[in-house]
Amino acid sequence: MADQTSLPPTVSLRGVGHRFGDVQALDELTFDVPARRITVLLGPNGAGKTTAIRSITGALSPKAGDISVFGTDPRGEGDQVRPRCGVVSAKPALYDRLSGYDNLLYSAQLYDVPAAGLRQKIVAAAERFGIADALDHQVGGYSTGMKTRLALSRSTLHDPDLLLFDEPTSGLDPESSQAVLDLIREMTNDGKTVVMCTHLLAEAEGLADHIVVMEAGHALCTGTPDELTERYLPAAMVVLDAEAPDQLDRLAHMTGVIGYDRTDVARIELDGFGRVPDLVLSLARDGVRLTRVEPHVPTLEDLYFAVRRERTELLAGRPLPTLDTPDPQGFGRANARSAGVSTTETVGAGHEEVSA
Amino acid sequence: MNWKRMWIVARTDLKQLAQAKDYWVPMVALGALFFLVVPAILLLTITKIGNVEIVNQISNTLKVLPKAAQSQIRGTSPEGKTSFALAVFLFAPVAVVVPLTISTAVGAATIVGERERGTGEFLAHSPASAREIYLGKLIASLVPGYLTTIVGFGLYSVLVNVIAGPEVGGWFFPTAQWWILMFWVIPPFLAFTLSLVLRLSARVKSTAAAQQASGLVSLPLIMIAYGQSSGALFGAQVSGFYVGLVAWVIAIVSLSRGVRSVTRARLLGVANEV
């Protein structure tokens with residue numbers, strides 16, 4: 001595979017703004033979508049994720065800002081952009097009265113898929129997503145999972161370079177969701193660029209190569225999961241438990257411990273994982289019988305809430321460090337405290353070499 | 001403008017209509033009622049039952065027809081003349097009411113329906129241009145009404161000739177005016193009405209609202225079309241031609257303006273864009 005970092009971004013949004021009446025749907029939205037990667041737009045309902053997707057294909061034309069998709073502006077040259085995009089919207093957007101085959105045929109014809117061997121292409125696309133057996137049935141009789149699979153088949157039928165998935169697992173059971181996510185991962189192996197919107201942190205976990213956290217039409221932060229973790233959750237975090245948990249409270253005063261919280265278990269934040277052996281030894285000397293010592297690998301959920309908390313702080317007027325100068329004190333933790341949120345939500349930052 | 005894409009949009013919409021029994025069964029029933037059942041009852045009453053009172057009533061009505069129309073009436077007996085006038089002049093509005101009613105019902109739901117089902121999102125992201133979508137939808141709305149009318153017209157022709165032909169001296173229908181009416185006057189009226197209905201369908205928020213609004217728009221148009229088509233039949237052939245010509249000009253202007261009503265934002269149902 002080519003060096004992906006050398007490729008220009010497939011999508012680039014700069015200061016994009018769009019209003020729906022009184023609602024500012026996109027507000028100075030800025031982010032890039034790296035080529036041949038999965039970019040996840042993460043944010044609560046109403047964050048502007050769907051509007052961003054619609055702006056990328058030119059289905060909506062924001063008045064403000066610059067948009068570049070494959071090097072062209074979809075607002076003026078949408079006819080060059082849309083044929084290269086495959087979209088799965090939150091509702092599968094299928095024609096219930098038509099058969100699965102006819103739905104795919106309609107899309108193939110609109111996207112100018114050559115007529116030669118079209119039937120084979122349709123069947124192959126359906127087989128890839130495990131829906132070939134139901135192609136002759138009316139879509140109105142499909143389950144939600146079948147509809148999603150058909151919508152995914154439709155989005156890939158014309159072999160697009162950019163796939164845009166808006167909450168593709170919405171309404172699916174966990175097994176079907178996982179299958180869909182696996183299929184999405186497969187697509188990047190084929191060299192496709194994927195943009196996926198979700199408000200479900202669990203489904204973005206492990207799938208995202210690049211993350212854009214959005215809120216109120218604005219990108220709060222963008223980067224790879226590792227970059228964002230280093231930026232927002234730099235502290236080493238460890239979970240401890242003991243036969244007498246209250247004895248763990250002494251950890252709060254020990255050297256190297258920069259954060260402490262105990263609810264069901266104790267969670268500490270350290271200035272480095274190198275402190276762990278000394279802390280364990282010290283506790284043992286004090287007669288504390290430890291039952292658990294475990295580095296905490298930060299999840300996307302940890303990261304997401306850390307970013308959201310930073311936003312809260314920013315709105316409250318607290319000066320924040322820039323992205324280029326990470327807060328050595330551990331931003332997520334500091335903000336969690338000042339915002340009155342339990343640090344149990346932000347424990348994290350285990351580095352792989354320490355965890356191992 | 002990609003004509004192929006326009007046909008694909010139209011064909012797919014028509015395919016969906018064909019799958020919807022709840023739509024086309026009433027459509028066929030309406031056509032059958034207006035083109036077959038009612039004319040058959042009236043013509044049989046006049047020619048076979050020989051109800052003198054009805055024949056006299058209709059004969060009196062014929063006196064109010066323009067002279068040009070009266071001079072066209074054929075038939076050797078009062079029953080023959082009456083059935084000729086009934087078949088040629090008095091059923092003309094049927095040819096207008098049926099296509100406008102059917103096509104308006106389809107057209108009203110066509111764009112707002114895409115939005116309600118969520119399929120507007122698919123079209124908005126697709127390579128099809130707003131113009132291709134608009135014209136595709138227009139054709140898909142026009143075809144069911146017009147096709148029903150043409151088929152109904154064919155069956156009506158056979159029915160009229162079989163029942164009233166012997167009284168008139170042989171097969172006489174369709175007359176030249178009816179050919180002009182069916183293929184020159186009705187299509188632009190239909191296109192003009194649909195251009196308005198599609199604009200409404202693009203702008204309103206629900207199919208129910210679209211159907212109500214379309215009813216308000218199409219009713220006066222049906223009345224106008226009724227009057228004009230009757231005039232086209234009553235007058236000389238050239239008057240039918242001019243009525244159609246004016247209708248075509250109005251329809252083309254309205255269609256070209258109507259294209260602007262379909263936007264991707266409206267297909268998406270974005271709040272302030274609708």
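Residues are numbered from 1 along each chain as its sequence is written, and chains are lettered from A, with ligands numbered from 1, in the order in which they are written. Because the model is predicted, local features need pLDDT of at least 70 and side-chain atom pairs count only at pLDDT 80 or more, whereas totals for chains, interfaces and linings use all residues; side-chain values use heavy atoms, with hydrogens and water left out.

**Chain A overall**

Chain A holds 12 helices and 13 strands. Helices (H or I, at least four residues) and strands (E, at least two) are DSSP runs, numbered from the N terminus. Of the 356 residues in chain A, 53% are buried. Here buried means under 20% relative accessible area, exposed means over 50%, and partly exposed lies in between (1.4 Å probe, protein chains only). The accessible surface of chain A is about 15200 Å², with 48% of it belonging to carbon and sulfur atoms; such areas come from the Shrake-Rupley method with a 1.4 Å probe, and for residues only the protein chains shown count as cover. Contact means heavy atoms within 4.5 Å. Among contacts in chain A between residues at least 6 apart in sequence, 67% join residues at least 24 apart.

**The interface**

The contact between the chains takes 30 residues from chain A and 31 residues from chain B. About 2800 Å² is buried between chain A and chain B, and carbon and sulfur atoms give 59% of this area. Buried area is the accessible area (1.4 Å probe) that two parts lose on being put together, summed over both. A:Tyr95, A:Arg97 and A:Leu110 supply 24% of the area that chain A buries against chain B, more than any other three residues.

Between the two chains there are 10 residue pairs in polar contact, both residues being at pLDDT 80 or more. A polar contact is a pair of N or O atoms within 3.5 Å; within protein, one must be able to donate a hydrogen and the other to accept it, and residues adjacent in sequence count only if both atoms are side-chain atoms. On the side of chain A that touches chain B, strand 1 (11-20), helix 1 (49-57) and helix 3 (100-110) of chain A each supply at least two residues. Helix 3 of chain A gives the most to this side, with 6 residues. By class, this side of chain A has 14 nonpolar, 8 polar and 8 charged residues. In these classes Ala, Val, Leu, Ile, Met, Phe, Trp, Tyr, Cys and Pro count as nonpolar, Asp, Glu, Lys and Arg as charged, and the others, Gly among them, as polar.

**Salt bridges**

Over all chains the structure holds 20 salt bridges, and 4 salt bridges are found across the interface of chain A and chain B. The rule asks for a side-chain nitrogen of Lys or Arg within 4 Å of a carboxyl oxygen of Asp or Glu. The table gives some of these pairs.

| B:Glu121 | A:Arg54 | 2.7 Å |

B:Asp13 lies in helix 1 (residues 3-19) of chain B and B:Lys137 in helix 8 of chain B, so the pair ties together parts that are 124 residues apart in sequence. Both B:Asp13 and B:Lys137 are buried. By contrast, A:Glu294 is partly exposed at 36% relative accessibility, and A:Arg292 is partly exposed at 33%.

**Loops and backbone**

A:Tyr111 lies in the loop between helix 3 and helix 4 of chain A and is buried, at 10% relative accessible area. Leaving aside neighbours within four places in sequence, A:Tyr111 is in contact with residues of both chains, including A:Arg82, A:His158, B:Phe122 and B:His125. A:Asp112 is found in the loop between helix 3 and helix 4 (118-128) of chain A. A:Asp112 has a positive phi of about 60° although it is not a glycine, and a network of salt bridges links A:Asp112, B:Arg5 and B:Glu132.

A:Glu167, in the loop between strand 6 (162-166) and helix 6 (174-189) of chain A, also has a positive phi, of about 50°. In chain B, a cis peptide bond joins B:Phe173 and B:Pro174, with omega about 0°. Most residues other than glycine have a negative phi, and most peptide bonds are trans.
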